[in-house]
Amino acid sequence: MRHMIAALCAATASGLALAALAEPDDQSLAVDGVELVTEIKASDEHPLDMLYSGWRFRTDETQALQTDDFDNPAFIFVEQAVDAWDTVEGEAGKSCAECHGAVEESMKGVRAGMPKWDAEAGEVWSVENFVNRCRTERMQAEPWKWDKADMNAMAALIGLQSRGMPVDVDVSGPAEPWFKRGEEMYYTRYGQLELSCASCHEENYGNMIRADHLSQGHINGFPTYRLKNTKLNSVHGRFKGCIRDTRAHTFKPGSEEFRALELYVAWRGEGLAVETPSVRQ
Amino acid sequence: MKQTVLGLVISAVIAGTAIAGPVSPQSVVYADGAVAASLSGATGDPSSGREIIITKGQGNCIACHASEALADAAWHGEVGPVLDGVGDRWSEAELRGIIANAKMMFEGTVMPSFYKTDGFIRPGDGYTGEPATQIDPILSAQQIEDVVAYLMTLKE
C-alpha cells in the first residue's frame, strides 16, 4: 500500500513535470529593448494552430544570451563579416560594399523572403547561392563553401538586416513545385529510425527527446550560434544533422533537396520575426 | 502410427529450431502485433535488458520513454508513454512484437523498429550520414529477448 501511494505520487509529480514542459514557455523576447514576435497564430492552410520560435523552448540561460548583442557570441562572427563586406577580393578588384553600399540599407528585408525563385538560375536559391553568384561572377573570386565559417558569418550579417521583420516567402508560381517537394520531404520518414521532420517537430514539439526540448524546428533564427559547437550553424547544416540522426543517408548542404526543404520550412514559420543571429544550446 | 508421426513432427520442429538459431528479421511472424516465440530461441536476461534500454548506442529507449524504475539513468524523454507497469499492461509476446516492430502494434507510431532490416528510405551507415553498405537490425535477437525480459519485471 505504501508502495502504491509512493508510485501514485511519483506518477503525479512526473505528470506535472511533463505538463509544464509540454508547452513553450511564456517569455517574450526583446533584443536591446526591441520586441520580436515569437508566437503567432498560423494561417488556415498550416498544419499547426500556433507557431512558436525555437527561442521559446530554450533554457533561461540560453535565452538571455540572445537578448543583448554584447552577450550574443554570434556577433564575433558578424563583426568578421562586416570586415569581409568591405574587403576587396578576386580578379575584378571589388568588395561587396562597392556594388551594394551600406549593408544596413541594401540587405534590409532580404533574409525575410529567403529562399526564393531566381529566374536566371531557374531554381529556388538560398542566400548562400546569391552570395556565391556575387563572388564568382561580379568579384571573380572563389566561391565560399556552404556551411563553413566565411559563408555562415556573411549569412548572419545579411540576416541581421531583417531582424524583427516577419518571415514571408513566395511559394507560388515557379517556386511551387519546390515547395511541394519540400513538403513531401518534411513528412518522409527517413533512415533506419524511420522518423520524419514532422515526427519530432510537428507531433512532438514541447516534449523532451533525451536531453533536448523539441521545438517546432523553425529557421527564423538562422544562422544560429550553438553553445555545443561554439560557432555559427547554417540552415542546411541543421537539416543535415537532423536527418543524420535518424540513421539515414543525409543530403548535402546546398543541394536542391535542402533548398526545397528550406522553402517549405521557411513557409511553416511565416509571421515569426527573423531573429538572426539566434543562440541555441 | 499416428503417434509416431506426431513424435516425428515434434522432434523435427525441435531439431529445426536448434539448427536454425535465431529467427531472421524477415521471417518474424506477427499475430496482432505480437510475436509468440523467443527470437533467439533462448530466454532473456533482464539485467542486460536494463542496460540496453538506458544505453545510447543500443536501445536508447529512454530517449523517448521515462520510467521510475530507471530513474538513476540521466535524461528521460516524453515522446512515448512511461514504461512503469508495462509488464502488467502487455504480455511477453506483445512486448516482443512492440520492440521488434512497433508499427505492427501501433499503426504509424514514431517508435522505431528494432528488429527490421528492409523497407527503409535512405538508410545510413549508423549515424555517419553516409549511405548504408549493410543493414543490421538495431538490436540482435538476444538483445530483444533481454529487453523483453526486463520489461516483464516492470509491474505496478
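Domain bounds in this description come from an automatic or database domain assignment, and the structure to which they are applied is a predicted model. On that basis chain A is divided into two parts, domain 1, which covers residues 4-69 together with 165-280, and domain 2, which covers residues 75-160. The C-alpha centres of domain 1 and domain 2 of chain A lie 25 Å apart.

For the complex as a whole, the predictor gives an ipTM of 0.89 and a pTM of 0.91. Chain B has an average pLDDT of 90, and 87% of its residues score at least 70. Residues 1-19 of chain B, however, have a pLDDT that stays under 50, and for this stretch the model has zero contacts beyond four places in sequence.

Within chain A, the meeting of the two domains brings 31 residues of domain 1 into contact with 24 residues of domain 2. The area buried between domain 1 and domain 2 of chain A is about 2300 Å², and carbon and sulfur atoms give 64% of that area. On the side of domain 1, Leu232(A), Arg259(A) and Pro277(A) supply 23% of the area that this domain buries against domain 2, which is more than any other three residues. Arg259(A) also takes part in a salt bridge, in which its side chain meets that of Glu123(A) at 2.8 Å, N to O. Between domain 1 and domain 2 of chain A the count is one salt bridge, and nine residue pairs are in polar contact, with both residues at pLDDT 80 or more. The elements that give two or more residues to the side of domain 1 of chain A touching domain 2 are strand 10 (231-233), helix 10 (235-244) and helix 11 (256-268) of chain A. Of this side, the largest share, five residues, comes from helix 11 of chain A. Sorted by class, the side of domain 1 of chain A that touches domain 2 has 17 nonpolar, eight polar and six charged residues.

The contact between the two chains takes 36 residues from chain B and 29 residues from chain A. Together, chain B and chain A bury about 2800 Å² between them, with 54% of this area on carbon and sulfur atoms. In chain B, the residues that lose the most area to chain A are Glu78(B), Arg122(B) and Tyr127(B), which together account for 28% of what that side buries. The count between chain B and chain A is 13 residue pairs in polar contact, both residues being at pLDDT 80 or more. By class, the side of chain B that touches chain A has 17 nonpolar, 11 polar and eight charged residues.

Side chains of opposite charge can pair when their charged atoms come close. The structure holds 17 salt bridges over all chains, and two salt bridges are found across the interface of chain B and chain A. Glu194(A) meets Lys103(B) in a salt bridge between their side chains, at 3.4 Å from N to O. Glu194(A) also forms a salt bridge with Lys116(B), where the closest N and O atoms are 2.9 Å apart. Lys116(B) lies in the loop between helix 4 (92-100) and helix 5 (141-151) of chain B, whereas Glu194(A) lies in the loop between helix 8 (176-186) and helix 9 (197-201) of chain A, so this pair joins two chains.

Technical notes:
Residues numbered from 1 in each chain as written. Chains lettered and ligands numbered in written order. Heavy atoms only, no water. Contact = heavy atoms within 4.5 Å. Buried area = accessible area lost by both parts, 1.4 Å probe. Salt bridge = Lys/Arg side-chain N within 4 Å of Asp/Glu carboxyl O. Polar contact = N/O pair within 3.5 Å; in protein donor to acceptor, adjacent residues only side chain to side chain. Helix = DSSP H or I, 4+ residues; strand = E, 2+ residues; numbered from the N terminus. Nonpolar A, V, L, I, M, F, W, Y, C, P; charged D, E, K, R; others polar. pLDDT = per-residue confidence, 0-100.
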